[in-house]
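This report is a first guide for a reader new to the structure. Please keep the sequence and the 3D view at hand while reading.

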Amino acid sequence: MSKITTELLLERAVPRSTRLRKIETLNLSKLQLKTGDLDPRLFSRLRHLQKLDLSDNLLDKFPNSLTLPDLRVLNCSNNKLEDVTALKQFPLLEELTYENNVYLTLNDDYKVIFLLQNLRLLNGKDITKLANQVRRVNSRKLTSKVTAHWEKFFRDKLPEKHTAEQVKSIKKKFLKSVQTNVVYGPSSLSEFTRWRVKMIAEEFLANSLGLESNSDTEAEEKMDESEEESTESPREAAEDVAQVVHIYAPLETTGAVSGSITPSKRKRNNSKSSPGKKRSKTQANTEEEAAEDVSAEPLHFLQCHSKGNSREDFKTQLWSCVFEPVLDSGARKDPIVSSSRTVATCGGESVCLIDCETGTVLKKYKVATEEFFSVAWTTLTMVINDSRKKAHNILAAAGRRGIVKLIHVAADFCYGEIKAHKKPIATVCFSPAQETHLFTASYDKRIALWDIGIPDCDYNFKASQLLVLEAVSIPLRIALVPTCPEQYLLAGCEGGCFAWNIKLDKGQKSRPFEAIFQFPDEESVTTSHRVDGLAFLNDDVVVSKSSKPGCIYLWSWSRSFDAKGKGCQRTMSAVILAELEWSTTDMSYLTLSTCPAKEYVFCGDEKGSVWMYNLSTYTTAWGSAKGKRSERRISPTQILQWPELRVNGEQPLEILVNNVVADPAFTYLVVLTSVNITAIWKKS
């Protein structure tokens, strides 16, 4: 039953009224209204309504036939509006406010300015001059370009005596071509331009050739899934959150683990201390293994990266996740509080933002022809419309197409892209020293350094390539040396572990590697091995995982790399500090991560388990000048085992943990799998 009744409308009228047809001002704010609550039959009786306040509700769109012929002022701020084209039904509208609707962008401003010819104020600002540009100058330019495109490429393709089928075919091809190729204005307005071009092209066909025009501008054009995404359309569709939640709801669990069971009803610690056997409390505190076990519980199991939103998709691989940094400048200096509880994950055709505590998918971005492999955050200080500077988090996402997508998350807007490589991008990372510097590592055996620039208030930006690092094999993981992030970069590659000098004051733009590191291999040493896991535990200790089964190395950067030597492509022996005992699988690409503030290393395995190593009792000894190598392999502090999770009544046969990442405070642990399931654990 709708929340809106005749009685409510009469009560919320300003002033109160006894007849609907007499109401001129109506306040329906803060009623938790959804689109379905706006009953056109009831609203059609508000014939003289001039001012309507729908702010602070849950509206995602407007019904097409509210029939408010005299409406002049509309406030729909703080809703969830995704589209503005339905507002064309209020042709007399003069003042419109829709601030804090995160799905609306600059493109929507231009659409509504064009559709509402009487509009004077938009979000409190006079738009008279801009309206003239949008409604007249912009339209003239685009009409000229559309006409020229027809004359040059399509006029001669339509026979003088043509059939209805030929007309239909030429119309479809022309509309597709003109939207792809007619470009005007800044890239940040490409969605609006494409929308207007389609409208103008349909009018042109109707007037010139007598072809029927589709004048319904509410239904925004959407590309077929089989078509490649247009490079002129940077904004990706944001999925409705409720729909995403519905998609992963069918996941079932047995025993004590369930996304819907409260933590108090779960097993408090679904883990074991070492492979094959449990350590007693005494064993756990003997010798160098004095670290206490961590009590962790599984919070959520999410299936939110499904191809085509299919509930049956348990094949999409999930690859990368990273926690969003906090925006408070003071907090950013403290590594313990340098991230929120929001994590970005990627896999398949989508990137998701998840609230780890609630398990809510806050946002979802999709590109139907992409497979995302990596995501990374940076914080840019941008100038907003009123000339004030403000910090904003920007998410970079990249994958199989070799293109980096740049997403302003708060505005829910993919404002641009960088065509970084012609082959897939394996991983990306931002420099901690330069907020606009982005490294991209590709299957083309190159690592590129980009300056992505800072977008202006209209999202215009300029990206430039600063450096190209030549690798002899595909780079899989990259890490900047913490003590000198503007000078050296380390990369784990298909053919070994390499280091480059990345200092920009050197004249050479394309550079070979400066060092390759060799590691123990049974009775000898070798440089030739796949390094598919790489991270720094602290300023000096590197953690790397190679194709050698059952082993993760910890080694010293400062003692291994000789910066004083001359020449490039030198072979250096990695000074091993310790080996971590890990799975004996020969499965590749199960990467590792670290939590430097808590001195933890994490790595998943081929059985869905997470191996955790608390190394706080070792790092002091390793940091001394005479720090010796640990003589024996260090066993995991704990192994979090994959619970008895059932999908459609059955337990998945093979669950690989591709990646596992903790937030800096080690409150949450996010586990990405090979079966399209994101598992979130919480330390209790």
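Which residue of S15 does Met 382 stand opposite? The answer is given below, after an outline of the whole chain.

## Overview

The model is predicted. The protein contains eleven helices and 40 strands. Of its 684 residues, 54% are buried.

Among the contacts in the protein with a separation of 6 or more, 57% are between residues 24 or more positions apart.

## Strands S14 and S15

The residue opposite Met 382 is Lys 390 in S15. Strand S14 covers residues 372-383, and ten of its twelve residues are buried, which leaves the strand mostly covered. Its pairing with strand S15, residues 389-399, is antiparallel and runs over eleven bridges.

In a regular strand, side chains alternate between the two faces of the sheet.

Strand S18, residues 425-430, has six of its six residues buried, so the rest of the structure largely encloses it. Five bridges join S18 to strand S19, residues 437-442, in the antiparallel sense. Within this pair, Val 428 is placed opposite Thr 440 of S19.

Over residues 418-452 the chain is 57% strand and 0% helix. The C-alpha atoms at the ends of this stretch are 8 Å apart.

## A four-stranded sheet

Four strands form an open sheet in the order S28-S29-S30-S32, and their pairing is antiparallel. Strand S28 (531-536) and strand S32 (575-581) are the edge strands; each has a single partner strand, so one side of each has no neighbour in the sheet. From one strand to the next, the twist averages 25°.

S32 is paired with strand S30, residues 551-556, in the antiparallel sense, and the pair has six bridges. Leu 554 has Ala 578 in S32 as its bridge partner.

## Thr 591 in its loop

Where is Thr 591 found? It is in the loop between S32 and strand S33 (592-595). Is Thr 591 buried or exposed? Its relative accessibility is 3%, and because the cut-off for a buried residue is under 20%, Thr 591 counts as buried.

Leaving aside neighbours within four places in sequence, the residues in contact with Thr 591 are Arg 477, Asp 532, Gly 533, Cys 603, Gly 604, Asn 658 and Asn 659.

## Helices H3 and H4

Two packed helices are described by the angle between their axes and by the distance between the axes. For helix H3 (residues 106-115) and helix H4 (residues 128-153), the axes come within 9 Å and cross at roughly 80°. Angles of 65 to 115 degrees count as roughly perpendicular, so H3 is roughly perpendicular to H4.

On the H3 side, the contact is made by Tyr 110, Ile 113 and Phe 114. On the H4 side, Leu 130, Ala 131, Val 134, Arg 135 and Ser 139 take part. The residues of this contact comprise six nonpolar, one polar and one charged.

Terms used: Residues numbered from 1 in each chain as written. Predicted model: local features only at pLDDT ≥ 70, side-chain atom pairs only at ≥ 80, totals over all residues. Heavy atoms only, no water. Pairing = 2+ DSSP bridges. Helix = DSSP H or I, 4+ residues; strand = E, 2+ residues; numbered from the N terminus. Axes fitted to C-alpha atoms, helices over the stretch in contact; angles between N-to-C directions. Parallel < 35°, antiparallel > 145°, perpendicular 65-115°, else oblique. Contact = heavy atoms within 4.5 Å. Nonpolar A, V, L, I, M, F, W, Y, C, P; charged D, E, K, R; others polar. Buried < 20%, exposed > 50% of the residue type's maximum accessible area, 1.4 Å probe, protein only.
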